[in-house]
Amino acid sequence: MPILNRAAELQDEVTGWRRQIHSQPELLFDVEQTAAFVAEKLREFGVDEVVTGIGRTGVVGLIRGKGNSARAIGLRADMDALPLSEVTGKPWASKVPGKMHACGHDGHTAMLLGAAKYLAETRNFNGNVAVIFQPAEEGGGGGNLMVKDGMMERFGIEEVYGLHNLPGLPVGQFAIRKGPIMASTDEFSITVTGRGGHAAMPHKTIDPIAISTQIISSLQLIASRNVDPLQSIVVSVTKFNAGYASNIIPDAATFGGTVRTLKPELRDMAERRMREIADGLAAAHGAEVKVSYNRNYPVTVNHADETGHAIDAARAIAGASQVETETDPMMGGEDFSYMLNARPGAFIFLGNGDTAGLHNPNYDFNDEIIPHGISYWVKLAESRLGTA
Ligand code: NI
């Protein structure tokens, strides 16, 4: 079964919504306009329940099928943009300086609205479909907040599915894998405090820069010597601040970065080793050290059975040869991970074609993929809930 006819018919209308959302990007939880647009559309479609303000500015619509089942499946899109200045020059480019939809969340929202319109028209399923529109995917943990607000229980959601466009993957293709598909994203900051003084009399100082560089180079050993080479981890120091003059050794130096892994136990190990290395090297040189390690998004782990259901739906739409079922995981993060920690489900990539990469000021969501995304959501919902 290829793209649904009705989904193809909806393409122009959904493209219009997508470009409207694209031109008015909003950041993190401040997605009031976008959320209001989503809620208005859902009401217009005759969605049975439209609840706003979940996870601060998230929206959930519940569409009841024809049968009596109370089972619900959750389909999730994200609504927030990024703090970037768009350079595409497209007629629908961002009208807000310094903000743009550079991750395609405008397209995710529009495609899920398209699926909601279809499902509210047809209702050819036994149970309920919850369409979930979350704020603050790009660093605010909006998905986590929606889960904490009791979204899963309130709408009886038993399974939850997410989708993200992927530049470089051809239009009409899907990619997925069971198990970890996106990394955990932790941040750390380390401050080394020594004793400043004259650069010409280093023996009278405790040089925080020299000690920091030893810590930084030793942190590289976490990936190269503490982790099985067949496992994945990133430890990147991405900033370093110290000093202000060429003839003064400063009192302190601060540096920080990110740790990414595909296994929860590797996060624990990385944090422990980071503290041991920093404490040990600081002590060896008589300095003080303070390590702060913040756990952000967990690993996005696809559940085995639900990954199978996602593959079946994608194959039904695109054909078996167009679905990569063993794709490599990525070291970027996703806060859909919180929803997958709350309920079984799966996260899939949909090809955006040969476009600029995500988080790039040249990026634009490819409207050609809209019918593929809508058809996937519809097929997944109908096949998981069964016909009435
Ligand atoms: Ni994204």
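**Helix packing, metal site and loops**

Modeller: In this predicted model, the axes of helix 9 (residues 304–318) and helix 11 (residues 370–385) come within 9 Å and cross at roughly 125°. Because angles of 65 to 115 degrees count as roughly perpendicular and those over 145 as roughly antiparallel, helix 9 is oblique to helix 11. The crossing of helix 9 and helix 11 is right-handed. On the helix 9 side the contact is made by His 309, Ala 310, Ala 313, Ala 314, Ala 316 and Ile 317. Facing them in helix 11 are His 372, Ser 375, Tyr 376, Lys 379, Leu 380 and Arg 384. Sorted by class, the contact of helix 9 with helix 11 has seven nonpolar, three polar and two charged residues.

Next, the metal site. The nickel ion is coordinated by the SG atom of Cys 103 and by the NE2 atoms of His 105 and His 164, at 2.1 to 2.3 Å. The spacing of these donor residues in sequence is C-x1-H-x58-H. His 105 belongs to helix 4 (residues 105–122) and His 164 to strand 5 (residues 157–167), so the pair ties together parts that are 59 residues apart in sequence. Both His 105 and His 164 are buried.

Most residues other than glycine have a negative phi. Arg 56 has a positive value, with phi near 65°. Arg 56 sits in the loop between strand 1 (49–54) and strand 2 (58–64). Its relative accessibility is 56%, so Arg 56 counts as exposed.

Ala 136 is not a glycine either, and has a positive phi of about 55°. The loop that holds Ala 136 runs between strand 4 (128–134) and helix 5 (142–148). Ala 136 counts as buried because its relative accessibility is 0%.

A further loop residue, Thr 327, is found between strand 15 (323–324) and helix 10 (336–342). Thr 327 has 15% relative accessibility and therefore counts as buried, the limit being under 20%. Apart from neighbours within four places in sequence, Thr 327 is in contact with Ala 175, Ile 176, Arg 177 and Ile 181.

Note on methods: Residues are numbered from 1 along each chain as its sequence is written. This is a predicted model: local features need pLDDT of at least 70, side-chain atom pairs count only at pLDDT 80 or more; totals for chains, interfaces and linings use all residues. Side-chain values use heavy atoms; hydrogens and water are left out. Axes are lines fitted to C-alpha atoms, for helices over the stretch in contact, and angles run from 0 to 180 degrees between N-to-C directions. Helices (H or I, at least four residues) and strands (E, at least two) are DSSP runs, numbered from the N terminus. Angles under 35 degrees count as roughly parallel, over 145 as roughly antiparallel, 65 to 115 as roughly perpendicular and the rest as oblique. A crossing is left-handed if the near helix is turned anticlockwise from the far one by less than a right angle, and right-handed if clockwise. Contact means heavy atoms within 4.5 Å. Ala, Val, Leu, Ile, Met, Phe, Trp, Tyr, Cys and Pro count as nonpolar, Asp, Glu, Lys and Arg as charged, and the others, Gly among them, as polar. Donors are N, O and S atoms within 2.8 Å of the metal (3.2 Å for Na, K and Ca); water is not among the atoms, so sites may look incomplete. Buried means under 20% relative accessible area, exposed over 50%, partly exposed in between (1.4 Å probe, protein chains only).
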